[in-house]
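This report covers two topics.

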Amino acid sequence: MRKTTWKKVTALVMAGAVSASLFGCMPTADNQKTEATTTAAAGAEAETVESTESSEPAAAAGLEINTTDPITLRMNWWGGDSRHQATLDGIKAFEAKYPNIKVEAEYESFTGHEEKVALALKSGSAADVLQLNMDWVFNYSPDGSMFVDLNTVSDIIDLSAYDQSDIDYYTTNGVLQALPASNTGRVFFWNTTRLADVGVEIPTTLDELYAVGEAFAAYEDGTYYPMILNELDRMTLMVYYLQCVYGKPWVENYELQYSLEEFQEGLEWLSLLEEKHVVPTLEVLAGDGSELVDTNQRWIDGHYAGMYIWDSNLNKFKSAAPGFEFAVGDYIKMGEYHGGMTKASMVFSIPKTSEHPAEAAALIQFLFGEEEGAQLLGDSRGIPANKNGLAALDLTGSLIAEANTKVMEWSVFKFDPVFERSALKNPDGTYFMGLQLLSYGQDDAAGVAEYMVGDIKKQLDLAK
Amino acid sequence: MTKKTRNNINTFLRYFILIAVGIVMVYPLIWMVGASFKTNSEIFSSVGFIPMAPTFDGYKRGFQGYEGMTLLHFMGNTYKFVIPKVIVTVISAVITAYGFARFEFLGKKFSFAVLLSTLFLPQVVLNVPQYILFNQIGWLDSYLPIVMPSLLAGDTYFVYMLIQFLRGIPRELEEAAKIDGCNVMQTLWYVIVPMLKPSIVSCALFQFMWASNDFMGPLIYVNTVAKYPVSIFLRMSMDSDVGFEWNRVLAMSLIAIIPSLVVFFAAQNSFVDGIAAGGVKG
């Protein structure tokens, strides 16, 4: 009898220990809150430091590139074949310029890349030059303590070749944490063959867009639509619409700038798009059986004639649908202002643990800021954000370059680091849930707006 | 209707259903072979496996590889750690299972409970602490972090499985060996291991398949491209931003699974034995 009770007790204790150990690893709301408040406190402190020091960036530390001793640098990036090859060529040229420096290339696909980089950063074994997603910079280093202040190597990297807005964006507590490789934004992309079949032009105003929708509704059996928008595309387009109407940034200083009523107006507009046959309902999209547009049978055969999509991705969607002509459309005027946001498609940083920051900076400068490196890289990382790098390229005839020019001329706002947080933009995140509720008619715009605004504000608070 | 015709109809129906279901089950594999010769747009627009306009680009481009390293180099890398891992797994799991099944020692129940509790621990939870540990030991960028935990019987599942098998082996055999003068290790080697062989083969096969398919482990521990295993190589060209050629990935996957298939079929008989024995005695 006693023995069995003991057994039970041990079993309970073990089960408890296991579940406790699991719980310890989970980011509970409490943990995150304390984390958030400490970083917020740190941020506040740093702000005062910043204000006393004014916003003058740190001067160059006078580091010199070692051109005599043998040095090994590590560079890490993700990408596909063309980017791997272009970067390897660029590295080869860099090694020819600095014969004492050897660069070890570490590259893979995007899958699992974040886990790898996050682990390496947290344990201090990260590569010397890191390619990062824009928001990781602020996730891993909300106070600017993780990365080398690139102002201190400004005599090696020519910072004047970058747009001041980029430099401001990546400056946290006076520390310039990262530099963008390229900037990207969404454009309207049209299957002009299909538009011509239906007998319409690329729309440039809202009324024209609605008219195109009606023309598509009357075309053939009515299963053709002018645009395909999944949940995330809808969310981004809704922000575009609201910014066109109100001319405000989406988020500023981690505060949502749009009220509940304005958000609801945006949602109602999305429903209007469905009504006017501009976009299919999410139910129709789900019925297509493909989560990705470029693998969607009805994109491939031209049932959907347009997208609102990243300029850097255009070629993928174009080559997915052979036999059709495509064109980048002008931005559709939906109000008095210019809507839409841009972001860096990827940034480069030097972690503080790097033993060779000067040489790492030289590599960044060579690949993105010097003619030879920039030409070797070409547009494998998008259209360069570095002005000197851009000037070194001949991009005539490039669809992406044409689209990127349109984006940069039109856009005034930048993405905030929270907009694409996984809790919001993933298929189980707020945007998907909210917009599905709306499109399936399970909730009205007011209810969905309340739910989505609440979640967005929660994420913004966590990031503060 | 004579009995014979009824029998014939019966057999026909049975075979018809079996073959129909069999084709449905094996079709994805056949499709994969066909798709490795197709272009992207064809892959996503037709379910037939015969390519309309066959292309060998997938195979050609796959064998171009990176920095002069092709598929074969990365397959070699995979087996550089998979084979040692399988060997040490078998050795450590057998010894540990032997200890738990046949010896009484202080804290046995407790250690066994701890062992079993790790069975339910998801690998994700271990990633961070293990990474920090191996980083401090200085094993990063080598295959040691992948092989070493197996040397210390870190694969609880196999230990547990072998203990269950051992329970079915009569102790009288070991007593007889003891009377004949065998010491503990000799008993293990001459008596237990031969009887355990089918289940040992199952362990080795499972570990072989899991380790060859492991993606996250090598990805976080190995940095140098020249040391990447084939599981990472297969994904290296997959850039969802700009798109990629699926036929290439499928072609390379197809070649990469050949060694696993060969090993599986070579050990098939013992493997099925092992699983069946587990079902009866476990």
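## Buried area and contacts

Chain A and chain B bury about 3100 Å² between them. Carbon and sulfur atoms give 60% of that area. The model is predicted, and totals for interfaces use all residues.

On the chain A side, 36 residues are in contact with chain B. They meet 37 residues of chain B.

## Polar links across the interface

There are 13 residue pairs in polar contact between chain A and chain B, counted where both residues have pLDDT 80 or more. The rule also finds 3 salt bridges across this interface. One salt bridge joins the side chains of A:Asp81 and B:Arg248, with an N to O distance of 2.4 Å.

## The chain A side

Which elements of chain A give two or more residues to the side that touches chain B? The helices are α1 (2–25), α3 (81–97), α4 (113–122), α12 (297–300) and α13 (314–320). The strand is β2 (101–108). α1(A) gives the most, with 7 residues.

By class, this side of chain A has 14 polar residues, 12 nonpolar residues and 10 charged residues.

## The second largest pocket

The second largest pocket has a volume of about 930 Å³. Its lining counts 28 residues. Which of them lie nearest the centre of the pocket? They are B:Lys85, B:Gln123, B:Leu126, B:Gly154 and B:Asp155.

Several helices of chain B give two or more residues each to the lining of this pocket. They are α5 (108–119), α6 (123–137), α7 (144–151), α8 (156–167), α10 (184–213) and α11 (216–221). The largest share comes from α6(B), with 6 residues.

For the side of chain A that touches chain B, the counts are 12 nonpolar, 14 polar and 10 charged.

Key. Residues numbered from 1 in each chain as written. Chains lettered and ligands numbered in written order. Predicted model: local features only at pLDDT ≥ 70, side-chain atom pairs only at ≥ 80, totals over all residues. Heavy atoms only, no water. Contact = heavy atoms within 4.5 Å. Buried area = accessible area lost by both parts, 1.4 Å probe. Salt bridge = Lys/Arg side-chain N within 4 Å of Asp/Glu carboxyl O. Polar contact = N/O pair within 3.5 Å; in protein donor to acceptor, adjacent residues only side chain to side chain. Helix = DSSP H or I, 4+ residues; strand = E, 2+ residues; numbered from the N terminus. Nonpolar A, V, L, I, M, F, W, Y, C, P; charged D, E, K, R; others polar. 1 Å grid on protein atoms, 1.4 Å probe; cavity = no way out; pocket = protein on both sides within 12 Å on 5 of 7 lines; lining within 4 Å. Points joined across faces, edges and corners; volume = space filled by probe spheres on them.
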